[in-house]
Amino acid sequence: MEQILLLGLKDREVTVKNSEPTGDVILDEALRHMKETNPPETVTSWIEYLSGETWNPLKLRYQLRNVRERLAKNLVEKGVLTTDKQNFLLFEITTHPLSDGNQKTKLIKEVQDAVLSKWTNDVHRMDKKMLSLIVLAHASDVLENAFAPLSDQDYEVLQAYIKSVVVHSSLFEVAMKRVRSLLELEYDVQAEKKGNDVMWAVFEAFSK
């Protein structure tokens, strides 16, 4: 027990408590790998294996094949993306542009609202999917793109969103300040409060 407590969340082993299929092919494949693995692997190890980019030849059996291509195909089937061909020098590559830009705009607006008009100082009251999206988007260096348009907002709009903000702060600055407050949380402490250990462990792994 003492050894477990000394480990960071990302270094703790993952064990499957419920192996019931989720209905998503990729998630179910990942779940099956985790269930069949003995001894259990850590959160950090699973992130590496399931990304499809592990360099450990002894762990190749855990690697999900063609992850990006399969995710893109899934989004094409759902009508989010489309498939196109693009010439790059001597090669022709397959691309997956958005089929409907409104979906991207809607998602960006939801992210903005999560840290502005719908902000809560209690992280455990935030929607877990949105919280995960914010943390992982930051880890992927794309989060600031969602807040960039906020830089042009005037003070009247700012007041409509946030009553307690200082006069010279822009919406962009407020949004990023609140994002930083999420990134600076002690994830092990948050896990002890309300559970969701795996979620917090993933956050910790991507924050290092």
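The legends below describe close-up views of a predicted model. In this predicted model, local features need pLDDT of at least 70 and side-chain atom pairs count only at pLDDT 80 or more, while totals for chains, interfaces and linings use all residues. Residues are numbered from 1 along each chain as its sequence is written, and side-chain values use heavy atoms, with hydrogens and water left out.

**View A. Packing of helix H10 (residues 187-194) against helix H11 (residues 197-207).** Helices are DSSP runs of H or I with at least four residues, numbered from the N terminus. The two axes come within 9 Å and cross at roughly 175°, so H10 is roughly antiparallel to H11 (angles over 145 degrees). Axes are lines fitted to C-alpha atoms over the stretch in contact, and angles run from 0 to 180 degrees between N-to-C directions.

**View B. Residues at the contact of H10 with H11.** Tyr187, Gln190 and Ala191 of H10 meet Asp197, Trp200, Phe203, Glu204 and Ser207 of H11 (heavy atoms within 4.5 Å). These residues divide into four nonpolar, two polar and two charged. Here Ala, Val, Leu, Ile, Met, Phe, Trp, Tyr, Cys and Pro count as nonpolar, Asp, Glu, Lys and Arg as charged, and the others, Gly among them, as polar. Tyr187, Trp200 and Phe203 form one aromatic cluster.

**View C. The aromatic pair Trp46 and Tyr49.** The structure holds four aromatic pairs (ring centres within 6.5 Å, using the six-membered ring of Trp). One of them, Trp46 with Tyr49, is edge-to-face, at 5.7 Å centre to centre and 85° between the planes (edge-to-face means over 60 degrees). Trp46 and Tyr49 are three residues apart in helix H3 (residues 43-50), and are therefore separated by about one helical turn. Trp46 is buried at 2% relative accessible area, and Tyr49 is buried at 5% (buried means under 20%, with a 1.4 Å probe and protein chains only).

Note on methods
Helix = DSSP H or I, 4+ residues; strand = E, 2+ residues; numbered from the N terminus. Parallel < 35°, antiparallel > 145°, perpendicular 65-115°, else oblique. Phe/Tyr/Trp six-rings, centres within 6.5 Å; stacked < 30°, edge-to-face > 60°. Buried < 20%, exposed > 50% of the residue type's maximum accessible area, 1.4 Å probe, protein only.
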